[in-house]
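Subject: Structure handover

Hello,

Here is the structure for you to look over. My notes on it follow below.

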Amino acid sequence: MGDVKLAAGIGAWLPARCRSGLLGFAASAALVAVFLAHLRGRPLHTATKLPFGAFLCPALWMVFYASVWGG
């Protein structure tokens, strides 16, 4: 359950208006990664585990810098 703890820590750190964008970016990146794995022929099942924290961290920095510099 480390991904849930990471998401909670990120949610406490970011402003409330940025949290939905963070989850949207992270989920979109995860979907792209799954799609690319499928195109490469990697077997994917409903029980295939995907570490969501690997997508939360880059999304955090993108959203954080966009909120700081973008207003």
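This is a predicted model. Please read everything below with that in mind.

Overall layout

The protein chain has three helices and zero strands. Along the sequence the pattern reads α-α-α. Its C-alpha atoms fill a box of roughly 40 × 25 × 15 Å along the principal axes. There are 71 residues, and 21% of them count as buried.

The pocket

The largest pocket has a volume of about 190 Å³. These residues line the largest pocket:

- Ala 33, Val 34, Leu 36 and Ala 37
- Arg 40, Arg 42, Leu 44 and His 45
- Thr 48, Lys 49 and Leu 50

By class, that lining has six nonpolar, two polar and three charged residues.

One of the lining residues is His 45. Where does His 45 sit? His 45 is in the loop between helix H2 (19-39) and H3. Is His 45 buried or exposed? His 45 counts as exposed, because its relative accessibility is 59% and the cut-off for exposed is over 50%. His 45 and Val 63 are 18 residues apart along the chain, and their C-alpha atoms are separated by 31 Å.

The nonpolar patch

There is also a nonpolar surface patch of about 620 Å². Trp 13, Trp 61, Tyr 65, Val 68 and Trp 69 make this patch. Which element gives the largest share? That is helix H3 (residues 53-70), with four residues.

Tyr 65 belongs to the patch and has its place in helix H3. Tyr 65 has a relative accessible area of 37%. That value lies between the limits of 20% and 50%, so Tyr 65 is classed as partly exposed. A patch residue needs over 30% relative accessible area.

With a relative accessible area of 13%, Ser 67 is buried, because buried means under 20%. Ser 67 and Pro 15 are 52 residues apart along the chain. Their C-alpha atoms are separated by 8.7 Å.

Leu 22 is found in helix H2. Its relative accessible area is 4%, so Leu 22 is buried under that 20% cut-off. Leu 22 and Pro 43 are 21 residues apart in sequence. In space they are 28 Å apart, C-alpha to C-alpha.

In short

For buried positions, look at Ser 67 at 13% and Leu 22 at 4%.

Best wishes

Note on methods:
Residues are numbered from 1 along each chain as its sequence is written. This is a predicted model: local features need pLDDT of at least 70, side-chain atom pairs count only at pLDDT 80 or more; totals for chains, interfaces and linings use all residues. Side-chain values use heavy atoms; hydrogens and water are left out. On a 1 Å grid over the protein atoms alone, a cavity is a set of points where a 1.4 Å probe fits but cannot get out, and a pocket is an open set with protein on both sides within 12 Å along at least five of seven lines; lining residues have an atom within 4 Å of a point. Grid points are joined across faces, edges and corners, and a volume is the space filled by probe spheres set on the points. Ala, Val, Leu, Ile, Met, Phe, Trp, Tyr, Cys and Pro count as nonpolar, Asp, Glu, Lys and Arg as charged, and the others, Gly among them, as polar. Patches are made of residues with over 30% relative accessible area and no salt bridge: like charges are joined within 9 Å, nonpolar side chains (Val, Leu, Ile, Met, Phe, Trp, Tyr) within 5 Å. Accessible areas come from the Shrake-Rupley method with a 1.4 Å probe; for residues, only the protein chains shown count as cover. A salt bridge is a side-chain nitrogen of Lys or Arg within 4 Å of a carboxyl oxygen of Asp or Glu. Helices (H or I, at least four residues) and strands (E, at least two) are DSSP runs, numbered from the N terminus. Buried means under 20% relative accessible area, exposed over 50%, partly exposed in between (1.4 Å probe, protein chains only).
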